[in-house]
Amino acid sequence: MCVQATTGMMIVSALSSAMQYQQAKQQQKNDYAQQKRTNELAKENAIRRYASEQLKINQKLKLAQEKGYDAKLKSKVTRAKFISNLASSNLALSGSTEALMSDYYRVEGNYITSLNRNMNVNISQYERNLEAIQFGQRSQSVYEQPPNPELLFASAVLNVSNTYYKNKSDRELRGLDK
């Protein structure tokens, strides 16, 4: 049995399309795995950055609380010493000593307000950093496109069909097919 040249070309075309299909299918699987890995890395990176930001804000909050506690403790000790010194010297709270105490309370209040204001600034910065981390994760993430072997198969079949009809058309134009 003799195989015609066009039949041989069709067999070669079909085999070539089958090989291309397998290669394209494997490439799609590899691309999908790479996309998933890229997204996993972006997520892991964001989680690490979230944890780092959380640690920083907790440290700043603890430091501010310690400073506030120390200031309150120091003010209580100072007021107690001041009042006991007045009592031991048999002096009553007069206008000047009351003015001195109110000035002390004002300075203490300004310090506590300053601590709170600084902490609010730190919290605002923390929130902006979290938004930046989220944006960074989205910018590092890629669209995941799962493999689509059905589309690849249809494309391969159409390529073989295209080759067949092109050969048939060429034969008819040359008058070989009757």
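The chat below goes through the fold, the overall dimensions and a few residues of this predicted model.

Student: Before we get to residues, how many helices and strands does the protein chain have?
Tutor: The protein chain has three helices and zero strands, and reading along the sequence gives the pattern α-α-α.

Student: And why is it said to be more spread out than a compact globule?
Tutor: The radius of gyration of the protein chain is 40 Å, whereas the globule rule gives 16 Å for 178 residues, so the chain is more spread out than a compact globule. Along its principal axes, the C-alpha trace spans about 135 × 25 × 15 Å.

Student: What share of the residues counts as buried, then?
Tutor: Of the 178 residues in the protein chain, 16% count as buried. The chain exposes about 13,600 Å², and carbon and sulfur atoms supply 57% of that area.

Student: What about contacts between residues at least 6 apart in sequence, how many of those join residues at least 24 apart?
Tutor: Among those contacts in the protein chain, 90% join residues at least 24 apart.

Student: Switching to charge, how many positive and negative side chains are there?
Tutor: There are 25 positive and 16 negative side chains in the protein chain, and the centres of the two sets lie 3 Å apart.

Student: OK, now R79. Where does it lie, and is it buried or exposed?
Tutor: R79 lies in helix α1, which covers residues 5-88. R79 has a relative accessible area of 16%, and because the cut-off for buried is under 20%, R79 counts as buried.

Student: Which residues does R79 touch?
Tutor: Leaving aside residues up to four places away in sequence, R79 touches M101, Y104, Y105 and E108. With E108 there is also a polar contact of 3.2 Å, which joins the two side chains.

Student: Is E53 buried or exposed?
Tutor: E53, which is placed in helix α1, counts as buried at 12% relative accessibility.

Student: And what does the side chain of E53 make a polar contact with?
Tutor: The side chain of E53 makes a polar contact of 2.9 Å with the side chain of N129. If residues up to four places away in sequence are not counted, E53 touches Y126, N129, L130 and I133.

Student: Last one, V157. Which helix is that in, and how far is V157 from N129?
Tutor: V157 has its place in helix α3, residues 149-174, and counts as partly exposed at 38% relative accessibility. V157 and N129 are 28 residues apart along the chain, and their C-alpha atoms are separated by 52 Å. N129 is the residue whose side chain has the polar contact with the side chain of E53.

Methods:
Residues are numbered from 1 along each chain as its sequence is written. This is a predicted model: local features need pLDDT of at least 70, side-chain atom pairs count only at pLDDT 80 or more; totals for chains, interfaces and linings use all residues. Side-chain values use heavy atoms; hydrogens and water are left out. Helices (H or I, at least four residues) and strands (E, at least two) are DSSP runs, numbered from the N terminus. Buried means under 20% relative accessible area, exposed over 50%, partly exposed in between (1.4 Å probe, protein chains only). A polar contact is a pair of N or O atoms within 3.5 Å; within protein, one must be able to donate a hydrogen and the other to accept it, and residues adjacent in sequence count only if both atoms are side-chain atoms. Contact means heavy atoms within 4.5 Å. The radius of gyration is taken over C-alpha atoms; the globule rule is 2.2 Å times the number of residues to the power 0.38. Accessible areas come from the Shrake-Rupley method with a 1.4 Å probe; for residues, only the protein chains shown count as cover. Lys and Arg count as positive and Asp and Glu as negative; His and the chain ends are not counted. The place of a charge is taken as NZ of Lys, CZ of Arg, CG of Asp or CD of Glu.
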